[in-house]
Amino acid sequence: MATETFEFQVEARQLLQLMIHSVYSNKDVFLRELVSNASDALDKLRLEKLRDDSLDADVSDPHIEIEVDKDARTLTVRDNGIGMSYDEVGQLIGTIANSGTAQFLQELREARDGAGAEGLIGQFGVGFYSGFMVADEVTLVTRRAGEAHGTRWTSRGEGTYTLETVDDAPQGTSVTLHLKPADPDNQLHDYTDPWRIRQIIKRYSDFITWPIRMAPASPATAGEKAQDGTGAPAGASDATSGPETLNSMKALWARSRDEVSDEEYHELYKHIGHDWRDPLETIRLQAEGTFEYQALLFLPAHAPHDLFTRDFRRGLQLYVKRVLIMDDCEALLPPYLRFVKGVVDAADLSLNVSREILQQDRHIELMRRRLTKKVLSTVKEMMAKDRDRYTTFWREFGTVLKEGLVTDPENRDAILAVATFASTHDDTEPTSLSGYVERMKDGQDDIYYLTGESRQSIENSPHMEAFRDRGIEVLLLTDPVDEVWAETVGEYEGHKLRSVAKGRIDLDAEGGESGDGEREKRSEEYAGLLGWMKEQLEDDIKEVRLSSRLTVSPACVVSDAHDLTPALENMYRAMGQEVPRTKRILELNPDHQLVKGLNQAYREREDRTSLAETAELLHGLAVLAEGGQPKEPARFVKLMADRLERAL
């Protein structure tokens, strides 16, 4: 096939320009990214071979090879892993097929001068492009395992790339960088220097489970040993005849804690989590006895941009006796802990275990339960001992963790123990449920909450008026999942969770006050108006009654105690579940001048046509006040405009 020339996708072109004109201080990370990609390719080949033994692939000596040519100023990273087909090369390298591309480019621009910002290239799975930080031209040659022909990809990063089919490509992938001249002033080192290569591999990739080999340096390279400003001596193996293995390949989770530095743990996390930041917390776990396994888990410091998307890849790496058998084992942690990264190494599982078998395996279920409890207990310990780190964790992952309150009854109490919520008690500091209970007023039995889109909209809601006047604390819940878990959980330590926008609220009774006589008198006074308004609004309202929760607003709409809220109805419909429309309850404030005037007009007038419009407007205003929308916005606006015109 003839050589074909293609243009890069717009986002890929922008990314290339950022790499080519990079101002990052640490350009060494390009090698970390290329080695990480090679390691992933070897992992994928092993897994593919486990699934399909008939695959025509050489798995006798899986390894990564680094080759330098000082005279030609090239650096090649080669693996004999899964490789890529012609179409895959175009899809994976010619474009950035990632929903987070725009966000990635924005973060990259904002962080380009910040410490560690260069690591962003790994977070979004576009590490291959980092080669253009140090190279004028990049050539990739690859052949997918089981296929007869290979593919050569070449680009100078100037907006186009070429693709051609080649017949003599070995299995796997090789990436050859035609290096820019060394420029120490701009932190562009001589990457043909074997000592520099060893240093980078030792720092970033020592834990890689595949051997990383470097061919012996040529006499010219050995004789012209670049000091690179460090005074580092030439490696002992420079003059040896065989390839040198640069990494120890020791599994960090199998080594004792005092043998491993925090930096080594952090580099492992960055490798498996495709993140550039250090993890927030490292969790070690070793189980002994009838079923032995080791686990090394990480809590990220930042939520992935696609955490709530359907395509988010979750799961831990599952090893059996140091052999990777699954790259994303979802069965090891529940979905609400999908942000946790790490590895689990079991001693007694089959190498040919399938996802279907894992779902029902007793050992996997035991590991899942223990790992879940370990993560939650770690968060609880963080909450008690390091409030700043807990605050970071909850800000990033609190929303997803609350999903477990609905889906995991077994650990519901443990999740509630580490959950905090915004409340009217403090403008900035969230509260735990136990803290809320400790502050409850005398005679108060229930924990009150209100859901909404933002703190400001909730605080301004008419439903809050009586609670604000009496100084009763209300939880302010703004995540969509809050609607669901609050209904599902129902109570905490014997105290019911009650929405201030549902059912009847009688704060006088809770405070030990009695207003029965006054309420009965007002009910008789307004009985006619309430019955008439129910008839006028019967398409939308199932009851009109006097309110004990309003002190300033004329009216509000509430749901019955066991009805779905409008937000929940909308949520179910968005998921494709059809739910019947629920009629609400309209509550009137008998102390408001508008309601008093409406009642007086109702009693005095025979022709109540204009009053019907007033009732409709009053209902529409109540719907708007809680963040809803009138059923017929155009009609509502027209009625309001007519009223305002008459008032002038």
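Accessible areas here come from the Shrake-Rupley method with a 1.4 Å probe, and for residues only the protein chains shown count as cover. You're looking at a predicted model, where local features need pLDDT of at least 70, side-chain atom pairs count only at pLDDT 80 or more, and totals for chains, interfaces and linings use all residues. Residues are numbered from 1 along each chain as its sequence is written, and side-chain values use heavy atoms, leaving out hydrogens and water.

**Exercise 1.** What does the accessible surface of the protein chain come to, and what share belongs to carbon and sulfur atoms?

*Solution.* The total is about 30,900 Å². Of this, 47% belongs to carbon and sulfur atoms.

**Exercise 2.** Is Thr 372 buried or exposed?

*Solution.* Start with the cut-offs: buried means under 20% relative accessible area, exposed over 50%, and partly exposed in between (1.4 Å probe, protein chains only). Thr 372 has 3% relative accessibility, so it counts as buried. Now look around: leaving aside residues up to four places away in sequence, Thr 372 touches Leu 333, Pro 334, Tyr 336, Leu 337, Asp 408 and Asn 411 (touching, or contact, means heavy atoms within 4.5 Å).

**Exercise 3.** How do helix H17 and helix H20 pack, and which residues make the contact?

*Solution.* Helices are DSSP runs (H or I, at least four residues), numbered from the N terminus. H17 (residues 480-489) and H20 (residues 566-574) have axes 10 Å apart, at an angle of about 110°. That makes the two helices roughly perpendicular, a label for angles of 65 to 115 degrees. Pro 480, Glu 483, Val 484 and Glu 487 of H17 meet Ala 567, Leu 568 and Met 571 of H20.

Key. Axes fitted to C-alpha atoms, helices over the stretch in contact; angles between N-to-C directions. Parallel < 35°, antiparallel > 145°, perpendicular 65-115°, else oblique.
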